Amino acid sequence: MKSIVKLYLSVLFALVSTLAFAQVDRTKAPEPTAAPEINIAKPYSFTLKNGLKVYVVENHKLPRVAFSLSLDRDPILEKDKAGYVSMAGQLLTKGTKNRTKAELDAEIDFIGANINASSTGLYATSLTKHKDKLMELMTDILFNPAFPEDELEKLKKQTLSGLAASKDDPNSIASDVRGTLVYGKDHPYGEFTTEESVENITLADAKKYYETYFKPNIAYLAIVGDITPKEAEKLIKKNFGKWEKGNIPTAEYAMPKAPEKTYVALVDREASVQSVINVTYPVDLKVGSDDVIKARVLNQILGGGFSSRLMQNLREDKAFTYGARSSLSSDKLVGSFTASASVRNEVTDSAVYEFMSELKKITTEGVTQQELDAAKASIAGSFARSLESPQTVASFAINTAIYNLPADYYTNYLKRLEAVTLEDVKAMAQKYILPGNANILVVGKGEDVAQGLKQFGEVKYFDRKGNEYDPKDNMEIPEGVTAQTVMQNYFAALGGKEKLMTVNNMKMVYEASVQGQTINLSFVKNNTGSMQEVSMMGMVITKSVFDGENVKVVQQGQEIPVPDDKKLDLAIDAKVFPELHYDELSIGYELKSIDDLNGKSAYAVKVTMPSGSTSTDYFDLESGLKIKSLTTQKTPAGEMTVTQEFKAYEEFDGVKVPSKLSINQGMPIDATLKSAEVNTDLADDVFLIK
Amino acid sequence: MIKKLNFVFFILAAVFSAQAQNKQIEFKEFDLDNGIHVILHQDNTTPIVVVSVMYHVGSKNENPERTGFAHFFEHLLFEGSENIKRGEFDKYITNAGGVNNANTSNDRTYYYEVLPSNQLKLGLWLESERLLHANIDQVGVETQREVVKEEKRQRVDNQPYGSILSEIAKRAYTVHPYRWTTIGSLDHLNAASLDEFMDFYETFYVPENATVSIAGDINMDEARELVEQYFGDIPKGKNEIPRPDIVEPEQKEEVRDTIYDNIQLPAVIQAYHMPEQGSEDSYALEMLSTVLSGGQSARMYKSLVDEQQKALQVVAIPFSSEDPGLYLLFGLPTIGGNLKDLEESMDAEVNKLKDELITETEFQKVRNQVENDFISGNSTMTGIAESLANYHVYFGDANLINNEIDRYMAVTREDIQRVAKKYLTKDNRVVLYYLPKSQQNN
């Protein structure tokens, strides 16, 4: 009986499918066939006597093989040497006891391979036929790094120029300050590399790190590609068998807490035309915990992709920003939530309002079935696509071991994703979305945005380093202090007004190192004419000369005409001490405020030049000297801010001159004074226009 | 001693390439009655499938008065069809957990979806709807015109160095359609009537101009059957497909110019005319670019970036195309650096290649790098589907996915020297200096 039914059914099916083949119903989207089974291969694994755990994912589709070694250690608090751990990793590929960096580069390129190192691992890949050579190079890097002194110096230099470039970058500021707000400065996730910490790093620090942590007993090696487990085992035993284990230090850190009450952390950045907004706090969400998948669904709906609520609201609907998103991360120590966007100054408070109302809405109302289905499909699709890379399969196995996940964590991932309900998502929102306990970090122009942000909680001010300060302490200008008195103090600090009045000319030469090149900056002024020149290795790159009437600017051999409005400023620029002549030349200047410049209080004086361009000059409260100047220029490419900092004043013939100069015009340059001459004999042709 | 070493290299190289050839990308291909070419690659490792269609139409097929059409269609054809409502095309894909994209070159236009493999039919439905009866109306044209404007703003106008290709192209070509770039002219798009868009669609979006390439978790027979169902009854085109046969005359003297752009750092770009893709000389030129800028030990990188620190970046990029394309050298000087000085150093490296044969060791290094890159190109289903389609459309030989490497391996050291002398000459190039707008004459 049963078999007859079966027969009948199969005939019917055959009929139905023939019919279907003959005619496709184009009017609606075809239904999917049965969900495919996702098979996640179980890697072949073994452990060496020294504790090295090895995972082999065989995949012979292409004749390639990749070795990826990762170390599992507790995060390290680097304190006043922040950055040394990362440098130790970068130094590994900069030469070994057997090969210089150039030799290493040449040998890696020769076999068409790639080798990258970091502080927690090493990645090497090549075609299968070169695997023995690859293994030789990889193990040479791993076991015999030379840590050359000059390479550390190069790295430090690169890091410092990177820091200089990011010092004033609003996104870097947000990222650094966010860390300190969310995790605290005494947490490894809360510290960041600074110019001071880079200076403190020594070769011994890097070596010690390497010697302590590059040990097999905390190492996981994934081998992926065109290799059999047997071959792999032989290769690894031979090459890694003698690697000696060691005692690895462990560390524990206090659990960071979300703020008791939501407040605004404002980093006041005067040059900002956009505010970077981060609504952020720590969450206790451990890798592999039951909540992780449900929380991922929640975040996908809130701010995970293009169709997320935040993107639809802030970008599509309100057009406040090019992109708004959120992340809800799980971690071994402590996870975090962040919702972020960059928006125009004038909509900063409106954007924060929308962020906060989306956070509240999702905790009270939850999500819709349609949103839930779309989020699940999107996550499942991206999970499936990620499996295409055999590297993913290896990382699943290693994560399972490192985080002690259940053996079926990844194989049942999609099942558990499918099981997530509307109630689950709402519960996750109530647990992890905390609009009442958030740091609302805003990096932006305080003058424009602070007032509007008060509605979200107390507005606290933080400096570039994440230290809170009270702007009120600085804001109140003491009785009797005016722009004029600030200038008088400045003249006194420079050497006295009397003295300055006797200065007829001055010549200064600074030297700067830019990407390893030495450039010279010369400035000559005689109260009537001026000359500025930038040169490199004896070649003039740019030169501008003003003879009191005419001006000529030459850049890389080409003459650049000077716009008429700029010409209006030339007379004042030719003065050795322009401030002495503000009143006589009707230059507008007014005392705006007292600002905090990374811990130093300074008078901010706004100066308006004849051309209409403005600058804000900062005069140190303590010394009276000018320490910083911000100039906003209109260029065809839009407004541009040039920052100059004046440091370490030294005296020359009774006049103080800054011996350090930092100029940032999108590209930071640090210059050191080489010579300064006051009332010197100038060559006749110095202001001659040729 | 050196001679002996060379000999060993040759033996090893021979053995290696024999080994490498064991790993073949297997595929099946066939034509439907209406002329659609179909290529199927089965790999059941991961439950995903890539469904793609390549149309043999690019910017070079455009009317010089209507440039930007091919690329505009890449946008317009997401507007829906008789059975797909406006704005729904992408939604079907995201709701199925898939991703999709499209791209246009001088020579062809390519559409693809990456879907869970149980959604193969969905991909076929969407793509066949696009070919059979896409929705081309005034609303769609106007919407997409705005999107393309925004794209041009982002990718060309506001992108540092984003105008390089168009600035080079209009100086390097005088008559060939490569003189305009795929983004084309917004004025042309504004001026075009709906009929002109319809006509373009009916001319180029026809079965005989389409290659369907599918890669992933499929069953060959079932996939073949489904492709026939969805694409089999699409009628052939009525117009003849225009294929330009314009030959660009030889450039007789160097062209030089200065461009002011929204950039912080100046740059120097040299563009040399090169032969069409697939020719022996084009393979030699591609290997030459690896000699100059493939990896940290490559000549230009090591000398100009690492040792002399004259440049932050120097790269050689061959833009191979169906008709003779361009070979670009791009140099970014270190801050304060001088463009002329950098250009002279780049020329010096090129001249060295003309004066001396590269060493056997360096040659072997380049062969190894090229082989590694070639093989690694086939590591994803997306890559395989597109390569199969490209090889069929350009060369009529999809199997080049397996053996094009032989053409690279046939290049000799002498070939590299010869092509350097033949193509990398002063008279055969366009040189542009890119300078920051702040330095522009007002």
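1. Start with a helix pair in chain A. Helix H10 (residues 291–303) and helix H16 (residues 422–432) of chain A have axes that come within 9 Å and cross at roughly 90°. H10(A) is therefore roughly perpendicular to H16(A); that word covers angles of 65 to 115 degrees, with under 35 counted as roughly parallel, over 145 as roughly antiparallel and the rest as oblique. Axes are lines fitted to C-alpha atoms, for helices over the stretch in contact, and angles run from 0 to 180 degrees between N-to-C directions. Helices (H or I, at least four residues) and strands (E, at least two) are DSSP runs, numbered from the N terminus.

2. Which residues make this contact? H10(A) brings Asp291(A), Lys294(A), Ala295(A), Val297(A) and Leu298(A), and H16(A) brings Asp424(A), Val425(A), Met428(A), Ala429(A) and Tyr432(A). Contact here requires C-beta atoms, placed from the backbone, within 7 Å. The set divides into seven nonpolar, no polar and three charged residues. Nonpolar means Ala, Val, Leu, Ile, Met, Phe, Trp, Tyr, Cys and Pro; charged means Asp, Glu, Lys and Arg; the others, Gly among them, are polar.

3. A note on the basis. This is a predicted model: local features need pLDDT of at least 70, side-chain atom pairs count only at pLDDT 80 or more, and totals for chains, interfaces and linings use all residues. Residues are numbered from 1 along each chain as its sequence is written, while chains are lettered from A and ligands numbered from 1 in the order in which they are written.

4. Now chain A overall. It has 22 helices and 26 strands. Its C-alpha atoms fill a box of roughly 115 × 65 × 55 Å along the principal axes. Among contacts between residues at least 6 apart in sequence, 68% join residues at least 24 apart.

5. Domains next. Chain A splits into domain 1 (44–169 + 197–240), domain 2 (263–473) and domain 3 (483–678), with bounds from an automatic or database domain assignment. The centres of domain 2 and domain 3 of chain A, taken over C-alpha atoms, are separated by 44 Å. Their contact takes seven residues from domain 2 and six residues from domain 3. On the domain 2 side these are three nonpolar, no polar and four charged.

6. The chain A–chain B contact takes 54 residues from chain A and 56 residues from chain B. Which element gives the largest share of the chain A side? H13(A) does, with seven residues. Elements supplying at least two residues each include helix H3 (101–110), helix H13 (369–386) and strand E15 (517–525) of chain A. By class, the chain A side has 32 nonpolar, 14 polar and eight charged residues.

7. H3(A) deserves a look. Its buried residues are Leu104(A), Asp105(A), Ile108(A), Asp109(A) and Phe110(A). Their cover includes strand E4 (114–118) and helix H4 (131–143) of chain A, together with H13 of chain B. Just after H3(A), Gly112(A) takes a positive phi of about 65°.

8. Chain B has a helix pair to check too. Helix H10 (residues 280–293) and helix H13 (residues 360–376) of chain B pack at about 110°, with axes 10 Å apart. H10(B) is thus roughly perpendicular to H13(B). The contact has four nonpolar, two polar and one charged residues.

Methods. Contact = placed C-beta atoms within 7 Å. Buried ≥ 20, exposed ≤ 12 C-beta atoms within 10 Å, placed from the backbone.
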